[in-house]
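Subject: Handover of a structure

Dear colleague,

Please find below the structure that I am handing over to you. My notes on what was found in it follow directly after.

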Amino acid sequence: MAQVQRARPHMFDVTPEEISRLVCCFYARIRVDNVLGPVFSAAIEDWPAHEAKILAF
């Protein structure tokens with residue numbers, strides 16, 4: 001039986017809380033960015049629902 005190899009070595013654990021903080025900080029910065037803010041705002045109507053969708057992924 002062949003073993004599945006990881007694309008990258010496992011370097012450290014990432015908790016769900018850390019991912020949530022990263023996503024929240026990322027989108028907070030995106031919303032106020034002069035270039036990216038309007039692009040994201042045109043595509044995302046419900047920010048909390050979008051963030052929840054990304055976190056569930």
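A disulfide is counted when two cysteine sulfur atoms lie within 2.5 Å of each other. By this rule, the number of disulfides is zero. Cysteine 24 takes part in none, as the nearest cysteine sulfur, that of cysteine 25, is 6.9 Å away. Cysteine 25 is likewise in no disulfide, with the sulfur of cysteine 24 as the nearest, at 6.9 Å. As for accessibility, a residue is called buried under 20% relative accessible area, exposed over 50% and partly exposed in between, with a 1.4 Å probe and protein chains only. Cysteine 24 is partly exposed at 35%, and cysteine 25 is partly exposed at 44%.

The model is predicted: local features need pLDDT of at least 70, side-chain atom pairs count only at pLDDT 80 or more, and totals for chains, interfaces and linings use all residues. Residues are numbered from 1 along each chain as its sequence is written, and side-chain values use heavy atoms, with hydrogens and water left out.

The term pLDDT stands for the predictor's confidence in each residue, from 0 to 100. The protein has an average pLDDT of 89, and 88% of its residues score at least 70. Where pLDDT is low, the predicted coordinates should not be read in detail.

The protein contains three helices and zero strands, taking helices as DSSP runs of H or I with at least four residues and strands as runs of E with at least two, numbered from the N terminus. From the N terminus on, the order of the elements is α-α-α.

Of the 57 residues in the protein, 12% are buried. The largest nonpolar core has five residues: Val23, Tyr27, Ile30, Ile44 and Trp47. Helix H1 supplies the largest share of this core, three residues. Such a core is a set of buried Ala, Val, Leu, Ile, Met, Phe, Trp, Tyr and Cys residues joined through side-chain atoms within 4.5 Å.

Next come the aromatic rings. Rings of Phe, Tyr and Trp (its six-membered ring) pair if their centres lie within 6.5 Å; planes under 30 degrees apart are stacked, over 60 edge-to-face and the rest tilted. This rule gives four aromatic pairs. One of them joins phenylalanine 26 and tyrosine 27 edge-to-face, at 4.9 Å centre to centre and 80° between the planes. Tyrosine 27 and phenylalanine 40 have ring centres 6.1 Å apart and planes at 65°, so this pair is also edge-to-face. The latter pair links distant parts of the chain, 13 residues apart: tyrosine 27 lies in helix H1 (residues 16-32) and phenylalanine 40 in helix H2 (residues 36-43). Through ring pairs, Phe26, Tyr27, Phe40 and Trp47 form a cluster.

Is tyrosine 27 buried or exposed? Tyrosine 27 has 6% relative accessibility and therefore counts as buried. Phenylalanine 26, at 40%, is partly exposed, as is phenylalanine 40, at 23%. Leaving aside neighbours within four places in sequence, tyrosine 27 is in contact (heavy atoms within 4.5 Å) with Phe40, Ile44, Trp47, His50, Glu51 and Ile54.

Finally, the charged end of arginine 31 sits over the ring of tryptophan 47, 4.9 Å from its centre. That wording requires NZ of Lys or CZ of Arg within 6 Å of the ring centre and within 35 degrees of the ring normal.

Yours sincerely
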